[in-house]
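Let's take a walk through this model together, starting with its sheet and moving out to the helices and loops. Keep the structure open beside you as you read.

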Amino acid sequence: MSKLVMVIDDSPTVRKIVEVSLRREGLEVVSFPDGIEALRAVTNRQLDRVPDLVVLDIDLPKMNGYEIARYLRSKPQWSRTVIVILSRHDGVIDRLKARLAGTQAYLTKPFTTQMIVDVVNNSLGLPTSPSSAIS
């Protein structure tokens with residue numbers, strides 16, 4: 001079974017770029033414009049399993065990325081899910097807050113699809129595909 005990645009970003013463009021680049025790697029991807037909708041999908045069993053990894057923006061409507069990360073970390077079923085922050089904020093405080101909220105990696109925008117693919121593959125312990133190493 002392929003790994004499931006959940007993308008939570010309010011930018012349709014960012015969601016599309018991340019989705020396409022990760023699907024090319026053979027990953028299953030679901031994406032949501034905000035955390036409430038993403039959490040609802042899991043709670044309502046729209047998703048048949050908890051994602052292996054979440055790519056999470058910080059600046060989100062309703063609930064920010066830190067709040068979502070802390071919420072996920074408070075739930076036992078999410079304990080093995082890797083959380084990767086993707087944000088335009090690049091401050092030490094932002095990174096520290098992300099780490100304290102329970103995230104494993106921090107990427108800043110603008111990003112390359114290669115950066116996303118590498119971080120996701122590394123975080124999930126997957127081999128980096130030869131095709132992505134060339135591009």
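## The sheet

Two strands pair if DSSP finds at least two bridges between them. Helices (H or I, at least four residues) and strands (E, at least two) are DSSP runs, numbered from the N terminus. With that in hand, look at the open sheet: five strands form it in the order β2-β1-β3-β4-β5, with parallel pairing. β2 (28-32) and β5 stand at the edges with a single partner strand each, so one side of each is left without a neighbour in the sheet. On average, neighbouring strands of this sheet are turned by 20 degrees against each other, direction ignored; axes here are lines fitted to C-alpha atoms, for helices over the stretch in contact, and angles run from 0 to 180 degrees between N-to-C directions.

A word on what you are viewing: this is a predicted model, in which local features need pLDDT of at least 70 and side-chain atom pairs count only at pLDDT 80 or more, while totals for chains, interfaces and linings use all residues. Residues are numbered from 1 along each chain as its sequence is written, and side-chain values use heavy atoms, with hydrogens and water left out.

Strand β3 (residues 53-56) runs parallel to β4, and four bridges join them. Here V55 stands opposite V84 in β4. Strand β4 (residues 82-87) is in turn joined to β5 by four bridges, again in parallel, and L86 has L107 of β5 as its bridge partner.

How are the two faces of β5 (residues 105-108) covered? A105 and L107 on one side and Y106 and T108 on the other are all buried, where buried means under 20% relative accessible area, exposed over 50% and partly exposed in between (1.4 Å probe, protein chains only).

## Helices α1 and α5

Helix α1 (residues 12-23) packs with helix α5 (residues 113-123) at an angle of about 60 degrees, their axes 10 Å apart. That makes α1 oblique to α5; angles under 35 degrees count as roughly parallel, over 145 as roughly antiparallel, 65 to 115 as roughly perpendicular and the rest as oblique.

On the α1 side, the contact is made by I17, V18, S21 and L22, and on the α5 side by T113, I116, V117 and V120. Contact means heavy atoms within 4.5 Å. By class, there are six nonpolar, two polar and no charged residues in it (Ala, Val, Leu, Ile, Met, Phe, Trp, Tyr, Cys and Pro count as nonpolar, Asp, Glu, Lys and Arg as charged, and the others, Gly among them, as polar). Buried residues of α5 include I116, V117, V119, V120 and N121.

E19 is found in helix α1 and is buried, with a relative accessible area of 10%. Leaving aside residues up to four places away in sequence, E19 touches V29 and S31. D94, in helix α4 (residues 92-100), is buried too, at 18% relative accessible area.

Helix α2 (residues 35-43) lies across β1 (4-8) and β2, and runs at about 150 degrees to β1.

## Backbone details in the loops

Most residues other than glycine have a negative phi, and most peptide bonds are trans. Which residues other than glycine take a positive phi here? One of them is R45, with phi near 65 degrees; R45 sits in the loop between α2 and β3 and is exposed, with a relative accessible area of 68%. Another is K62, with phi near 75 degrees, in the loop between β3 and α3 (65-73); K62 is exposed at 66% relative accessibility.

The peptide bond from K109 to P110 is cis, with omega near -5 degrees, and P110 belongs to the loop between β5 and α5. Just after α5, G125 takes a positive phi of about 70 degrees. G125 lies in the loop between α5 and α6 (130-134) and counts as exposed, at 61% relative accessibility. C-alpha to C-alpha, G125 and G26 are 14 Å apart in space, and they are 99 residues apart in sequence.
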